[in-house]
Amino acid sequence: MTDICIIGGGAAGMTAAICAKEADPALDVLILEKKNRLGRKILATGNGKCNLSNRACPGCGETLDFFERLGLVTRTDPAGRVYPYTEEAGAVQGALTARLQQLSVRADTCAEVISVEKKDRGFRIHLANGEIEAEKLLIACGGKAGPSFGSTGDGFRFARSLGHRVKKLIPVLTAADVKENVEKLAGIRAKGAAALYFQDKEIFRETGEIQFTKTGISGICVFDLSRYLLIPEGKSLENGFDDYRIGLDFFPDMDEEELEQLLIRRQLAGLDGEKLLRYLVRGPVGAMILESSKGDVKTTAKLLKDFPLSPAAVRGWDFAQVTKGGVPLDEVDAETCQSRLIEGLYFAGEVLDYDGPCGGYNLQHAWETGMRAGREMAK
Ligand SMILES: Cc1cc2nc3c(=O)[nH]c(=O)nc-3n(C[C@H](O)[C@H](O)[C@H](O)COP(=O)(O)OP(=O)(O)OC[C@H]3O[C@@H](n4cnc5c(N)ncnc54)[C@H](O)[C@@H]3O)c2cc1C
């Protein structure tokens, strides 16, 4: 019988183990991680730089204090995104694993939990090659996004088996495929804004770099847009995106009228036909717009401000960074991360029904809930 068993040695699980052991060094804390090393996903975050938090998050200060204790120095970019000072995700993973070792937290890797059950006292955790009993259990298995890093949705199965509900799981922070043929634009990056309309009403807009793929669009602003591109209840993948439209604005700093005047001035200066958009947008983007506008200046200005694309799908779990949905927040005490249904059961990280935008919000949530659960379990 171990005091605390943590399923999942990711961001939330490692943080929880550290905080529990720091609170009470006498506790026996065991992490069960199915991959061959802890924190595998952390290494892939932020394009290998690990955007670990955001200054806009209320809990950011606590996270920075936590990492400072671990010896990790951070830097913040002008947008408030926090990174390790050396911009190496390995520094974050390394600081966490070093502290776990220093605290003598037991961590079993290549230890995949198959199922869990509630006993009269504590929990029984079944592994492929044995079982473990624990007084307190933390489910920190992550979601379903990025399954190659170990998060394949097991935590949801465990939560259900213990009587919890799981809200619909959707891959978010991912690229969008569109119905239009954009193959010729593949590889092009354009500064601009991506807007999303539902039944012609704007529901999302963000400025950033739009990256064209063979089948659609990607980039941070598109990732953030994907959190709102949800198949409505009762619809399927076939018709689920029919009420949505994406609008690309290649000139967020100018309004349509100003753009039209600019194009008229260019025409008067002899820049007409295919030259009209030269050096204003990248060649293939200009060609696509002029093909639709037939060179009409008013229509060209309109399309530069709002180029319509029809979403066909979002890229799935292998491409998504985060899971929308999960264990409902009203079934878990927000202060302690303890289940409201079962005493001694805790949840932290992406297994919970939380998803944030790009920019460090999701890791922040994992550290924050991990800290709370860890300290609470130690009580
Ligand atoms: C490519 C990529 C880039 C990202 N970049 C950022 C970023 O820069 N900033 C940001 O804020 N967020 C980013 N995210 C999201 C962020 O990484 C996650 O939200 C966060 O890691 C969730 O932490 P977690 O501990 O809940 O889950 P995870 O980090 O997914 O950890 C869960 C762990 O549980 C283990 N596990 C699962 N099932 C079992 C089982 N049955 N038995 C034993 N172990 C099990 C897994 O192997 C895994 O190690 C990114 C995600 C991806 C995929």
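Predicted model: local features only at pLDDT ≥ 70, side-chain atom pairs only at ≥ 80, totals over all residues.
**Reading charges, bridges and loops**

Me: Let's start with charge. How many positive and negative side chains does the chain have, and how far apart are the centres of the two sets?

Reply: Lys and Arg are counted as positive and Asp and Glu as negative, while His and the chain ends are left out. Each charge is placed at NZ of Lys, CZ of Arg, CG of Asp or CD of Glu. Here the chain carries 49 positive and 54 negative side chains, with 2 Å between the centres of the two sets.

Me: Okay, the big picture. What does the secondary structure come to, and what box do the C-alpha atoms fill?

Reply: Helices (H or I, at least four residues) and strands (E, at least two) are DSSP runs, numbered from the N terminus. This chain has nine helices and 19 strands. Along the principal axes, its C-alpha atoms fill a box of roughly 80 × 45 × 30 Å.

Me: How many salt bridges does a search of the whole structure find?

Reply: You look for a side-chain nitrogen of Lys or Arg within 4 Å of a carboxyl oxygen of Asp or Glu. That search turns up 25 salt bridges. One of them joins Glu368 and Arg372, with the closest N and O atoms 2.8 Å apart. Both residues sit in helix H9 (residues 361-377), four residues apart, or about one turn of the helix.

Me: And Asp154 with Arg157: how far apart are the closest N and O atoms?

Reply: They are 3.9 Å apart. The two residues are about one helical turn from each other because they are three residues apart in helix H4 (residues 154-161). Asp154 is buried at 12% relative accessible area, whereas Arg157 is partly exposed at 41%.

Me: Which distant parts of the chain does the Lys179 and Asp242 pair link?

Reply: Their side chains meet in a salt bridge at 3.3 Å, N to O. Lys179 is in the loop between strands S11 (176-178) and S12 (189-198), and Asp242 is in the loop between helix H5 (220-226) and strand S15 (244-249), 63 residues apart. Lys179 is exposed at 52% relative accessibility, and Asp242 is partly exposed at 45%. Elsewhere, Glu202, Arg205, Asp249 and Lys305 are linked in a salt-bridge network.

Me: Which residues form the negative surface patch?

Reply: A patch takes residues with over 30% relative accessible area and no salt bridge; like charges are joined within 9 Å, and nonpolar side chains (Val, Leu, Ile, Met, Phe, Trp, Tyr) within 5 Å. Asp255, Glu256, Glu257 and Glu258 make up the negative one. Glu256 belongs to helix H6 (residues 256-268) and is partly exposed at 32% relative accessibility.

Me: What does Ala190 touch?

Reply: Contact means heavy atoms within 4.5 Å. Leaving out residues up to four places away in sequence, Ala190 touches Gly208, Glu209, Ile210 and Phe250. Ala190 lies in strand S12 and is buried at 10% relative accessibility. For the whole chain, take contacts with a separation of 6 or more: 70% of them are between residues 24 or more positions apart.

Me: Last one: backbone angles. Is Leu173 buried or exposed?

Reply: Leu173 is buried, with a relative accessible area of 1%. It has a positive phi of about 55° although it isn't a glycine, and it sits in the loop between strand S10 (167-172) and S11. Asn47, also not a glycine, has a positive phi of about 55°. Asn47 lies in the loop between strands S2 (29-32) and S3 (53-54), and at 78% relative accessibility Asn47 is exposed.

Terms used:
Residues numbered from 1 in each chain as written. Heavy atoms only, no water. Areas by Shrake-Rupley, 256 points an atom, 1.4 Å probe, with all protein chains shown as cover. Buried < 20%, exposed > 50% of the residue type's maximum accessible area, 1.4 Å probe, protein only.
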